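Please report on the fold shown here.

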Amino acid sequence: MSIIHHNQLMNKYQHYSFDLWLTLIRSNPSFKRERTKFFFDHFNRRQKTLEEVERIFRRIDVMTNAINEKTGGNIDTDTLHLMVISEMNDHQYDFETVDLQALYNEMEALVLQYQPTVYCSATAGVLRALHGRQDCTLSLLSNTAFIKGRTLRKVLQELELDQYLHFQLYSDETGVSKPNPEMFRLMLGSIANTRNGEVVMPQQIIHIGDNVKADIKGASEAGIHSLLVNSNNQCISSLLN
């Protein structure tokens, strides 16, 4: 596809769907350090080191992301926290003593104290420009893990990015994860609702993300266009070219 034709197509999209992590925002390293320290201080009966607890979080994060992408389901945040606690204690821990709601409230407070940051200097401007186009809608389509959609909505409000999004879909709320085509079908239904029943054809929609499997493959299987950014040195600003 020529550059001219590609850019002409870009201007014809009526709906832009965005991934969240490493597409619009990136995590704050201080949050992960403080989270590790909290679990180290409160659930560490086997006296694991901080470094070991940090590795446990990383292993479970990578593993469950892979499982969600493979099955199309969603392993919820409470389960992830219990998996971390179990592994920290060599799988010998009485879960009855864990107040999951209080634990997540602590984690949410940490997220909001050590907020994720906007991915790059171009991010907000691109969303603002697309949002300003006539008859153009935008949305978010994000897999979640240790941070729930309820918290990410607050983060996007704090970062002043939510004002450009007509709706947000998170895997912990939908029960399915990208690349599951059902996640993209839910998006199509939400587009129609947002646009008062107007049908937007799949070829008039583009999904932008950093993950080849979850974002690009998922969009392709749903019959919509896609654009890989950031993980391939392609900036989100290319949407405005």
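The model is predicted. Seen from Cys235, the closest cysteine sulfur is that of Cys120. A search of the whole structure accordingly returns 0 disulfides.

How accessible are these cysteines? Cys120 has a relative accessibility of 22% and counts as partly exposed. Cys235 has 29% and also counts as partly exposed. Buried would require under 20%.

**The sheet**

Five strands form an open sheet. Their order is β5-β4-β1-β6-β7, and the pairing is parallel. Two strands sit at the edges, β5 (167-170) and β7 (225-228), and each of them pairs on one side only. On average, neighbouring strands of this sheet are turned by 20° against each other, direction ignored.

Strand pairing goes through backbone hydrogen bonds, either parallel or antiparallel.

| Strand pair | Bridges | Sense | Facing residues |
|---|---|---|---|
| β4 and β5 | 4 bridges | parallel | Ser139 in β4 and Phe167 in β5 |
| β1 and β4 | 4 bridges | parallel | His15 in β1 and Thr137 in β4 |
| β1 and β6 | 4 bridges | parallel | Phe18 in β1 and Ile208 in β6 |

Now the side chains. Strand β1 covers residues 15-18. His15 and Ser17 point one way from β1, while Tyr16 and Phe18 point the other way. All of these β1 residues are buried. His15 also stands opposite Thr137 in β4, and Phe18 has Ile208 of β6 as its bridge partner.

**A loop residue**

Is Val200 buried or exposed? Val200 is buried, because its relative accessibility is 8%, where the limit is under 20%. Val200 lies in the loop between α9 (181-194) and β6 (205-209). Along the chain, Val200 and Tyr13 are 187 residues apart. Their C-alpha atoms are separated by 9.4 Å.

**The largest pocket**

The volume of the largest pocket is about 830 Å³. It is lined by 32 residues, and those closest to its centre are Trp21, Leu22, Asp61, Asn65 and Ala145.

Which helix gives the largest share of the lining? That helix is α3, with 6 residues. Helices α2 (29-42), α3 (50-71) and α10 (212-221) each supply at least two lining residues. By class, the lining holds 11 nonpolar, 11 polar and 10 charged residues.

Note on methods: Residues are numbered from 1 along each chain as its sequence is written. This is a predicted model: local features need pLDDT of at least 70, side-chain atom pairs count only at pLDDT 80 or more; totals for chains, interfaces and linings use all residues. Side-chain values use heavy atoms; hydrogens and water are left out. On a 1 Å grid over the protein atoms alone, a cavity is a set of points where a 1.4 Å probe fits but cannot get out, and a pocket is an open set with protein on both sides within 12 Å along at least five of seven lines; lining residues have an atom within 4 Å of a point. Grid points are joined across faces, edges and corners, and a volume is the space filled by probe spheres set on the points. Ala, Val, Leu, Ile, Met, Phe, Trp, Tyr, Cys and Pro count as nonpolar, Asp, Glu, Lys and Arg as charged, and the others, Gly among them, as polar. A disulfide is a pair of cysteine sulfur atoms within 2.5 Å. Buried means under 20% relative accessible area, exposed over 50%, partly exposed in between (1.4 Å probe, protein chains only). Two strands pair if DSSP finds at least two bridges between them. Axes are lines fitted to C-alpha atoms, for helices over the stretch in contact, and angles run from 0 to 180 degrees between N-to-C directions.
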